[in-house]
Amino acid sequence: MQITRRNLIRTGLAAAAVTGIIRPQAALAAGGIAAAGTTLARTWQRGPAGIGGYRRIVEAPGEPHAVRSDFVAAAPDRATRRRGVLAFAQLSDVHIVDAQSPMRLEWLDRFDDVDVDGDPTTGLASSAYRAHEMLTTQVADAMVRAINDVASASPVTGLPLDFAIQTGDNADNAQYNETRWNIDVLSGGTVLTPDSGNRNRWEGVADQDFLSYDPHYWHPDGQPLLRAVDIPRRKYGFPKVPGLLDAARRPFVPVGLRMPWFTAFGNHDGGVQGNFPPRTLGVGMSAIATGSLKIISPPAGLSQADLLHALRTDPLGLLNGLLNTLQVGTHVRLVSADRDRRILNRRQVVEEHFTTTGTPVGHGFTAENRAQGTAYYTFVRGEVQFLVLDTVNPNGYSNGSIDAPQMAWLEAELASPRAAYQIVCSHHTSETMDNPLVLTGGDLSPRVQGPAVVALLQEHPRVIAWINGHSHRNEVWARAGGRRGFWEINTASHVDFPQQSRLLEIADNADGTLSIFCTMVDHAAPASYSGSLANTVQLAALARELSANDWQDRAVNRTGDADDRNVELLLQRP
């Protein structure tokens, strides 16, 4: 299997009024399009480069829907006959991070820093650390607010959003506390404290601990006395933001989605660092996660080749060896142990979704999933049947595949449809379902990869779309072939810039064609946090700005092309 960076590391109105965050209801624009609250009205972009290439966020014009007629021509008068079928929201790769966890392996990240002498930038470990990762719950809350703002009327059909679905990597490290924070942010109504370990102070790579201070990390309060300015500030223009670490840990009451929400299982939900299988490595890695020793800096002389070999052959041995040999106080620091950081397996993640203030209870997972420890299921909303896959390979590595029993289930559901249209949802894209591993995580079932799933879907004419995440990039493919093609729709993440979600509307054009309208939504934060850390929306604004300046990600186009974002996708009606 190809080695890539992903293969390695990879309430309501009352609450809003209290925090002073309510936006006006969307109004219909010319042509019957409700643009407000979406990127049809305006977009956020990186502004001009300042010191160290650091860029603020600036407002840019909105983007109209591009029309893609890969399957069928677009009739010029179709809008006059159009009937809305269903509208819903997709959130993907939220990556709720416990940024103080001993199993957060930030020290790997420097192996892709351009300032490391002798080691080329490869992308192998660039997701191990992000400067803004202490703000993921606030970003999620700001996204929930944005979706609620447009929930009453979708932009094109005017239908209310019927539900929302997460397409995996909801947590970052398969930890109990991350899983709970995700469920509680989307459900709302209960106090959430995005903190772990010592509840009185931050304990991690970003604070001012003198002995363990490492300049490779951003320190928002600045460096300790007699220590050098950190690399993000000195080289990449990052600002000082005093008080951020306390503000990031501050309890808040999430507003929660004002609609039912469903979920899918991602590799970061089902594997340590999104790669390592809980069944064979979970006990040892859970002991590290819940323990009191956190690696801050790697030993001198550890090369990329050494790291790659150790992670592929014995990752738990690597971590335990470092914890036993590195000096406590400098390379390793003492932190407060916390059982809430324990690693969950798939059955336990499914079970957590039955403790919720949101609807439906279980968020799609069924009694059969609870009993069998599976995470694939189906549900029907109006005229559409949704088939939610579990594409995580329990044998490890970040890319996906499905097992033979799940493939048989999918074949049976497609052969006996429960609604006029069918949409598949999953974490992985068809192209990233290339993981053939068996045995390494204790699972013996042969794996079914992406091309076989695509071929199956193309033989069933009621399938109109496959919606997914994983790549952290907006992208849309026309999957032509077989009896009929379908659209594959991939949506960017909350953790990397541009931090967007997607609205999807299905419309019957009454001329033998359907349109699937995709509209990108930015979270509810403004362009700038304006020096205020007062609430989740201001903190989310800072998170967006920091994510846009990730020094390993500045040249990466995660927004996609224009016809991957706001787009009308036409196809023949089944």
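Two strands count as paired when DSSP finds at least two bridges between them. Helices (H or I, at least four residues) and strands (E, at least two) are DSSP runs, numbered from the N terminus.

With that in hand, here's the chain, which is a predicted model: local features need pLDDT of at least 70, side-chain atom pairs count only at pLDDT 80 or more, and totals for chains, interfaces and linings use all residues. Residues are numbered from 1 along each chain as its sequence is written, and side-chain values use heavy atoms, leaving out hydrogens and water.

The chain holds 15 helices and 19 strands. Seven of those strands make an open sheet with mixed pairing, in the order β3-β19-β18-β17-β4-β5-β6. At the edges stand β3 (66-68) and β6 (261-263), each with a single partner strand, so one side of each has no neighbour in the sheet. Strands of a sheet pair through backbone hydrogen bonds, either parallel or antiparallel. Take β18 (residues 513-522) and β19 (residues 567-572): they run antiparallel, joined by 6 bridges. L514, for instance, has L571 in β19 as its bridge partner.

Now for the whole chain. Its 574 residues would give a compact globule a radius of gyration near 25 Å, and the chain's 23 Å agrees; this radius is taken over C-alpha atoms, and the globule rule is 2.2 Å times the number of residues to the power 0.38. Of the 574 residues, 63% count as buried (under 20% relative accessible area, with a 1.4 Å probe and protein chains only).

| Set | Number |

Note on methods: Buried < 20%, exposed > 50% of the residue type's maximum accessible area, 1.4 Å probe, protein only.
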